[in-house]
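Subject: Handover of a structure

Dear colleague,

I am passing the structure below to you, together with an account of what was found in it. Please look through the structure first and then read the notes that follow.

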Amino acid sequence: MKENINMAQPMIGKAEKSAVLDVLESGIVAQGPVVKELEQKFADYCGTKYAVAVNSGTAALHTALHSVGIKENDTVITTPFTFIASVNSILMSGAKPKFVDIEYDTFNIDASKIEDAIDETTRAIIPVDLYGQLADYDAINDIAGENNLSVIEDSCQAIGAEMNDGKKAGSFGSAGCFSLYATKNIMSGEGGVITTDDESVVEKSKSFRQHGMDMNSEYQYAELGYNYRTTDILAAIALTQLMKTDELNNKRISNAEILTEDLKDIPGLIVPRVLQDRKSVFHQYTIRITDNFSLNRSEFMTKLKENKISSAIFYPRPIHTYPYLSDLGYSEGDFPVSEQASQEVVSLPVHPGLNKDNVDYVVETIRKISNA
Ligand SMILES: *Cc1c(COP(=O)(O)O)cnc(C)c1O
């Protein structure tokens, strides 16, 4: 193998290029008709009534939190084993994150531990659909209902993920949040989308992305907002990608199936588990390297690199251990499942740009270096 096998590869074809050219030639390059079309089609795809486009997944989370009324002195529950944006968006809204540990098998929030974390300040839960597999929304929505909490789905890694007979990511909570960052399953370089069935979330989101402007009277501002608008140029790319979501996801899923079939018997290497009723879209293919494996994790990753295979740790540090969050009062040992995961996980290339030979090469290389 001459070429390096990378962790991600944006899938850009003729359609994306000509869609961008069309926008450039139209003369409307900022937020315009293509953003609107993206919003309609995104909602259709996710099975929600509405969608609102913004300029990142982080902006989507911040906007969604604002739109369900999260403010200072509220607390919002999420896990410490996620991308930093899940937590920073809570801080951006003025609220306080409250952490709940993850499940060992799925790396998603352990719904059985949520109730203990709820107190009179709790207003919302942000479940994260980590690596492309949905969290346990049946249990989470039951708890949220009983305690009058909003559910903001962090589905940034999970467009097209399903459970309950085809119900899609973004359609379970008060609002769903997606990222169109370059490495995500569909992308436009940067970008984000909020999905919802709630008209008031739509209204508040559209105002919030436009400096808090009163959407019925131009240049009248009702409250603090931000410039979270995206552009027709990016929306044109996203729209083209959206049409290919299932195709791109299916390629990830078939790559993942090969990896799992051919790696599952290796001692000390734990392949990802997809629960019975779920369709994971494998944003990442994440294994655990445990003590029973022939090498430690960093040796394993070095060997892969020597063989021109990239790998990555998502995420190397559980968020409750960052010093900038020390005011929250957490310490190491508080979330043992998250802490163990951050010591053991390694994500392998699974993106749709890989062909069968690439995936077979990854398998052969891992079998060789693990003496399996
Ligand atoms: C990518 C991602 C985000 C943030 O998206 P950006 O578009 O990078 O702002 C949030 N949460 C998770 C879990 C992500 O993977």
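I begin with helix H4. The cover over the buried residues of H4 includes helix H3 (57–67), strand E2 (75–78), strand E3 (96–99) and strand E5. H4 itself spans residues 84–92, and its buried residues are Ala85, Ser86, Val87, Ser89 and Ile90. Please bear in mind throughout that this is a predicted model.

Just after H4 comes glycine 94, with a positive phi of about 90°. Strand E3, one of the elements covering H4, contains proline 97. Is proline 97 buried or exposed? Its relative accessible area is 2%, and as the limit for a buried residue is under 20%, proline 97 is therefore buried. Leaving aside residues up to four places away in sequence, proline 97 touches Val76, Val87, Ile90, Leu91, Leu328 and Tyr330.

The protein as a whole

The secondary structure of the protein consists of 12 helices and 12 strands. The radius of gyration is 21 Å, close to the 21 Å that the globule rule gives for 372 residues, so the protein is as compact as a globular protein of that length. Along the principal axes, the C-alpha atoms fill a box of roughly 70 × 55 × 40 Å.

Buried residues account for 56% of the 372 residues. Of the contacts between residues at least 6 apart in sequence, 70% join residues at least 24 apart. The protein exposes about 16100 Å², and carbon and sulfur atoms supply 48% of that area. As for charge, there are 34 positive and 53 negative side chains, and the centres of the two sets lie 6 Å apart.

The nonpolar cores

Which residues have the most contacts inside the largest nonpolar core? They are Leu38, Phe42, Ile77, Ile114, Ile125 and Ile140, in a core of 44 residues. Two or more residues of this core come from each of helix H1 (14–26), helix H2 (33–46), strand E1 (50–54), helix H5 (114–117), helix H6 (137–147) and helix H8 (232–243). H2 gives the most, with 7 residues. Apart from this core lies another, of 28 residues, among them Ile287, Phe293, Leu304 and Ile369.

Residues up to four places away in sequence not being counted, isoleucine 77 touches Lys98, Val100, Ile109, Ile114, Ala117, Ile118, Thr122, Ala124, Ile125 and Ile126.

Valine 201 sits in helix H7, which covers residues 199–208. With a relative accessible area of 1%, valine 201 is buried. Its contacts, residues up to four places away in sequence again being left out, are Ser67, Val68, Ser174, Ala175, Ile194 and Thr196. Serine 67 is 134 residues from valine 201 in sequence, yet the two lie 5.1 Å apart in space, C-alpha to C-alpha.

Helix H11 runs over residues 336–344, and its buried residues are Val337, Ser338, Glu339, Ala341, Ser342 and Glu344. Against which elements do the buried residues of H11 pack? They pack against strand E11 (285–289), helix H10 (297–306) and strand E12 (345–348).

Backbone details

Most residues other than glycine have a negative phi, and most peptide bonds are trans. Three places may be read against that background.

- Asparagine 148 has a positive phi of about 60° although it is not a glycine. This asparagine lies in the loop between H6 and strand E5 (150–154), and at 70% relative accessibility asparagine 148 counts as exposed.
- Lysine 308, which is not a glycine either, has a positive phi of about 65°. Lysine 308 is in the loop between H10 and H11 and, at 36% relative accessibility, counts as partly exposed.
- Phenylalanine 314 and tyrosine 315 are joined by a cis peptide bond, with omega about 10°. Tyrosine 315 is found in the loop between H10 and H11.

With kind regards

Key:
Residues are numbered from 1 along each chain as its sequence is written. This is a predicted model: local features need pLDDT of at least 70, side-chain atom pairs count only at pLDDT 80 or more; totals for chains, interfaces and linings use all residues. Side-chain values use heavy atoms; hydrogens and water are left out. Helices (H or I, at least four residues) and strands (E, at least two) are DSSP runs, numbered from the N terminus. The radius of gyration is taken over C-alpha atoms; the globule rule is 2.2 Å times the number of residues to the power 0.38. Buried means under 20% relative accessible area, exposed over 50%, partly exposed in between (1.4 Å probe, protein chains only). Contact means heavy atoms within 4.5 Å. Accessible areas come from the Shrake-Rupley method with a 1.4 Å probe; for residues, only the protein chains shown count as cover. Lys and Arg count as positive and Asp and Glu as negative; His and the chain ends are not counted. The place of a charge is taken as NZ of Lys, CZ of Arg, CG of Asp or CD of Glu. A nonpolar core is a set of buried Ala, Val, Leu, Ile, Met, Phe, Trp, Tyr and Cys residues joined through side-chain atoms within 4.5 Å.
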